[in-house]
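Try each task yourself, then walk through the solution.

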Amino acid sequence: MSGRLVFEHATPAQRVLFGAGMAAAHLAEEVRGRDVLAVVTARSAAVARHLLGDVPVVAWFDEVAEHVPVATAARARAAAVGAELLVAVGGGSAIGVAKAVALTTGLPIVAVPTTYAGSEATDVWGVTEGGVKRTGTDSRVLPGTVIYDPELTLSLPVGLSVASGLNALAHGVETLWGPRADPINAALAVEGIRLLGEGLPEVVRDPAGLRGREQVLCGAHLAAAAFASAGTGLHHRICHVLGGRFGLPHAPTHAAVLPHVLAFNAPAAPKAAGRVVAALRPGVTGSQAGDAVAALAGLYARLDAPRALRDLGLAEDDLEEAARLALAAVPPSNPRGVGPADMLRLLRAAWAGDAPQADETPRVGDAPQG
Ligand code: NAD
């Protein structure tokens with residue numbers, strides 16, 4: 001089989017409506033008289049009330065918390081009694097709560113994202129109990145319709161926009177070595193990475209402008225759809241531990257960890273490295289791991305991106321436990337083997353915010369992949 005192209009790709013059914021200033025009209029069209037449970041955050045409630053206008057909302061649920069604590073999910077399910085449709089307006093946390101409800105009730109979701117987290121494009125759910133984040137996939141949690149309105153992201157402060165956009169970028173990059181990576185999800189990921197690499201500096205330059213916001217929101221969708229198809233890799237496993245066990249904030253944690261996972265994996269994944277370079281530095285080709293790491297570092301420098309887990313609340317004393325938990329979660333498909341010392345080194349570098357260095361030394365046990 002070596003060298004031959006063999007894959008199975010499933011494309012989930014989802015309607016995507018994209019347009020600045022069109023969310024209210026799109027929502028009215030999608031709800032079509034069904035009784036709605038609106039899942040919102042304290043911040044997004046006012047926006048949602050405006051967007052939902054005359055839509056029949058039977059209940060509002062606004063106790064959203066990051067990483068969906070099981071108690072929150074239970075209260076949201078109770079609030080959903082009598083509803084025919086879940087409308088989630090907000091970031092990944094609001095959409096995550098709607099997914100937890102859909103998982104047990106089968107209610108359909110219309111998602112109106114206000115960040116670049118991309119949860120709306122995946123069939124991945126997650127809940128947290130006792131410091132452990134459980135995740136799974138289920139077609140019931142994939143929103144049937146996503147309504148993207150770049151105007152809704154104009155209020156996202158620059159720092160949050162950058163962190164959230166790099167969370168999206170992590171979806172794209174991780175797709176390239178994901179357990180079900182294939183040419184279809186790679187194509188989506190590369191275009192997603194390209195749009196994010198172009199749009200994020202534009203958002204930093206002109207946060208109130210729609211051009212960068214459109215690129216980043218569209219890139220976030222492509223990257224998340226690609227990631228949903230390719231599956232979870234090393235980067236996401238590490239971030240789940242950091243979020244679930246240590247309560248670190250989702251988006252900046254992804255931003256801080258990504259350069260170090262890329263530096264670790266790229267030497268064993270030359271095709272992935274080449275795609276990252278081509279997407280972030282159009283016109284430049286190259287598959288050297290160092291080029292991919294440098295391309296990402298160049299983007300981070302333009303964005304003043306979050307870099308250090310210690311700034312996000314991880315104590316140095318927690319590194320060993322984090323490394324042990326993350327090591328136990330390493331997927332067998334990772335392009336290179338990960339030992340305890342590798343994991344600790346990677347996490348320590350991300351904790352300190354060190355400049356990532358691609359380790360190009362081939363080692364026994366590495367499994368080079370595309
Ligand atoms: P979030 O939804 O918690 O939002 C972060 C902060 O931004 C909050 O304070 C929120 O009120 C604020 N905010 C949101 N939109 C805003 C806007 N337009 N203007 C101003 N402020 C705004 O964070 P997130 O990063 O979007 O999502 C993180 C959660 O989503 C985590 O629980 C994560 O696990 C989950 N997630 C799941 C998937 C998946 O595929 N299942 C993918 C990505 C993220």
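Helices here are DSSP runs of H or I with at least four residues, and strands are runs of E with at least two, numbered from the N terminus. The model is predicted: local features need pLDDT of at least 70, side-chain atom pairs count only at pLDDT 80 or more, and totals for chains, interfaces and linings use all residues. Residues are numbered from 1 along each chain as its sequence is written, and side-chain values use heavy atoms, leaving out hydrogens and water.

**Exercise 1.** Find how Asp 342 and Arg 345 are placed in helix α13.

Step 1: Both belong to α13 (residues 340-352), and because they are three residues apart, about one helical turn separates them.
Step 2: The term requires a side-chain nitrogen of Lys or Arg within 4 Å of a carboxyl oxygen of Asp or Glu.
Step 3: Asp 342 is buried at 10% relative accessible area, whereas Arg 345 is exposed at 51%. Buried means under 20%, exposed over 50%, and partly exposed in between (1.4 Å probe, protein chains only).

**Exercise 2.** Work out which salt bridge partner of Arg 15 is 2.9 Å away, N to O.

Step 1: The partner is Glu 30.
Step 2: Glu 30 sits in helix α1 (residues 23-31) and Arg 15 in strand β1 (residues 15-18), 15 residues apart.
Step 3: Glu 30 is buried, at 4%, while Arg 15 is partly exposed, at 38%.

**Exercise 3.** Locate the ligand relative to domain 1 and domain 2.

Step 1: Domain 1 (15-153) and domain 2 (158-352) both contribute shell residues, so the ligand lies between them. These bounds come from an automatic or database domain assignment.
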